[in-house]
Amino acid sequence: MNTGNLRLVIADWATLQKDAQAIRYEVFVVEQKIPAELEWDEADTKCLHVVAYDADGKALGTGRLLPDAHIGRMAVLATARGLGVGAKILRALMKEAQVRGELAVRLNAQQSAENFYLKEGYTRDGEIFEEAGIPHVSMVYHFA
């Protein structure tokens, strides 16, 4: 895998569905054993999506920005974790929100990923809660 020339594609669900859905299925349904019916929702059609591709064109990670400035469905394939893919996706979604005029972005992070978001400047905005059987925490980032 070559992540040296990571390419981000930002588009609607119709454009990125095939690759985004494959990544989310692998990460959430296969790895984390989340029931598929909890992973898919109609919000996808209203979101701006990002998919990261390596230099060979392999889709490595994805995320989405909802109309209410909520970032969600962040997922990076196991083989690409720790290589900065997630951070690039997150920053691209944040930039899109800021260009749109948002003052802040929110997300519900799996508790195991909380430190990643803290390093990106997010703060915890609530208590730990269960979602799909996995501990999560609400987080927020305020644009300066």
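Which residue takes a positive phi in the hairpin of β3 and β4? A69 does, at near 70°, and four residues lie between the two strands.

This is a predicted model, in which local features need pLDDT of at least 70, side-chain atom pairs count only at pLDDT 80 or more, and totals for chains, interfaces and linings use all residues. Residues are numbered from 1 along each chain as its sequence is written, and side-chain values use heavy atoms, with hydrogens and water left out.

**View 1. The open sheet.** Seven strands line up in the order β1-β2-β3-β4-β5-β7-β6, with mixed pairing. Strands here are DSSP runs of E with at least two residues; helices are runs of H or I with at least four; both are numbered from the N terminus. Two strands pair if DSSP finds at least two bridges between them. β1 (7-11) and β6 (123-131) stand at the edges. Each has a single partner strand, so one side of each is left without a neighbour in the sheet. On average, neighbouring strands are turned by 20° against each other, direction ignored. The axes behind this angle are lines fitted to C-alpha atoms, for helices over the stretch in contact, and angles run from 0 to 180 degrees between N-to-C directions.

**View 2. Strand β4 and its partners.** β3 (residues 59-65) pairs with β4 in the antiparallel sense over four bridges. L65 has I71 in β4 as its bridge partner. On β5, the pairing with β4 is parallel and spans two bridges. There, I71 is bridged to L107. β4 is mostly covered, with six of its seven residues buried. Buried means under 20% relative accessible area, exposed over 50%, and partly exposed in between (1.4 Å probe, protein chains only).

View 3. β6 and β7 run antiparallel over six bridges. R124 has M139 of β7 as its bridge partner. T123 stands opposite V140 in β7. Two residues separate the strands of this hairpin, and A132 in the turn has a positive phi of about 55°.

**View 4. The aromatic cluster.** F116, Y117, Y122, Y141 and F143 form one aromatic cluster. Rings of Phe, Tyr and Trp (its six-membered ring) pair if their centres lie within 6.5 Å; planes under 30 degrees apart count as stacked, over 60 as edge-to-face and the rest as tilted. The count by this rule is four aromatic pairs. F116 is partly exposed at 30% relative accessibility. Y117 is buried at 8%, and Y122 is buried at 2%.

**View 5. The largest pocket.** This pocket holds about 840 Å³ of space. Of its 35 lining residues, F28, M74, A75, Q110 and Y117 are the closest to the centre. Elements that give two or more residues to the lining include α1 (13-31), α3 (85-99) and β7 (134-142). β4 gives the most, with seven residues. The lining divides into 20 nonpolar, ten polar and five charged residues. Nonpolar covers Ala, Val, Leu, Ile, Met, Phe, Trp, Tyr, Cys and Pro; charged covers Asp, Glu, Lys and Arg; the others, Gly among them, are polar. On a 1 Å grid over the protein atoms alone, a pocket is an open set of points where a 1.4 Å probe fits, with protein on both sides within 12 Å along at least five of seven lines; lining residues have an atom within 4 Å of a point. Points are joined across faces, edges and corners, and a volume is the space filled by probe spheres set on them.
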